[in-house]
Amino acid sequence: MTTDPFSIKRYSKLHPIRLAFNARARLIEQEAKWNFKNYALSEKIIPNLPHVPHVDWSNTAVTPLQMQNLLYALSITEHLNDTVIVEVGCYRGATTKCLASATSRKIIAVDPFIGYGGSDKDYEFFSNNISGLSNVVHERKTSGEAIKNWNYGSVSLIFIDALHDYVNTAFDIEAWSRVTTKGAVLAMHDTDQICFAGTRKAVYDAYKSMELELLAHPNNLTLLRK
Ligand SMILES: C[S@@+](CC[C@H](N)C(=O)[O-])C[C@H]1O[C@@H](n2cnc3c(N)ncnc32)[C@H](O)[C@@H]1O
């Protein structure tokens, strides 16, 4: 079982466990950079993608093409009854709103807004974006805390877009895979940028070790099917 990187923060900065964890994380990141090309998954473009409704693109790094792919994943998992969708790392809620508006399934939006990319200001945007969407449930927790007492049932689509390094992405993929159903889609953002080499490596490792199908892969978003 992969360690939740946030659980390591309970140790003081100079505690040997925290020092060893961080040293290992840095080494993995370095190796991921060196072998960036070797961890690439092939491009896979889906034709006739769904139309994207109005989105304020200034509030998200997700591109229109990536959003179309997420909506595609949503549509092909729609038949998986009694399942929910999870977004890990919601920021200003642009994707949350887009997905929630396109389904009646529940979206569990996981984001602690404690720094690490999400501030109180971003939380305000997020709250405004999801207001009126009765199928969105916000878990103001880290990924590891949210999965601990999970009671929302099976997950058919998970969008992992929180911290973009190896240890966090690998943890999120492994932890959330445990609550996904057969046929579920795991979508990971920022998989093709050298500055997020660890994320690409984590996705590559999961693809190989979990025998997942490469469903779609436009630039910088990888969708794998269980
Ligand atoms: C790249 S943004 C998410 C963008 C969003 N998915 C979108 O489509 O616009 C990353 C978010 O991850 C959140 N975050 C950081 N660490 C996290 C963790 N351990 N668990 C869940 N969310 C986390 C940050 O608060 C931030 O809002």
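Reader: Is Tyr39 buried or exposed?

Author: A residue counts as buried when its relative accessible area is under 20%. In this predicted model, Tyr39 has a relative accessibility of 11%, so Tyr39 is buried.

Reader: How many aromatic pairs are there?

Author: Two rings pair if their centres lie within 6.5 Å, and planes over 60 degrees apart count as edge-to-face. The count comes to 6 aromatic pairs. In one of them, Tyr39 and Tyr204 have ring centres 5.2 Å apart and planes at 65 degrees, so this pair is edge-to-face. The pair links distant parts of the chain, 165 residues apart: Tyr39 lies in the loop between α1 and α2, and Tyr204 in helix α7. Elsewhere, Phe113, Tyr123 and Phe126 form one aromatic cluster.

Reader: Which residue lies over the face of Tyr123?

Author: Arg140 does, at 4.2 Å from the ring centre. The charged end of Lys9 likewise sits over a ring, that of Phe6, 5.0 Å from its centre.

Reader: Which residues have the most contacts inside the largest nonpolar core?

Author: In soluble globular proteins, nonpolar side chains tend to be buried together. Here the largest nonpolar core has 32 residues, and Met67, Leu70, Val136 and Leu223 have the most contacts inside it. Helix α2 gives the largest share of this core, 6 residues. Apart from this core lies another, of 24 residues, including Trp150 and Ile173.

Reader: What is Met67 in contact with, leaving aside its neighbours within four places in sequence?

Author: Its contacts beyond those neighbours include Val52, Trp57, Ala94 and Cys98.

Technical notes: Residues numbered from 1 in each chain as written. Predicted model: local features only at pLDDT ≥ 70, side-chain atom pairs only at ≥ 80, totals over all residues. Heavy atoms only, no water. Phe/Tyr/Trp six-rings, centres within 6.5 Å; stacked < 30°, edge-to-face > 60°. Helix = DSSP H or I, 4+ residues; strand = E, 2+ residues; numbered from the N terminus. Buried < 20%, exposed > 50% of the residue type's maximum accessible area, 1.4 Å probe, protein only. Lys NZ or Arg CZ within 6 Å of the ring centre and 35° of its normal. Core = buried A, V, L, I, M, F, W, Y, C linked by side-chain atoms within 4.5 Å. Contact = heavy atoms within 4.5 Å.
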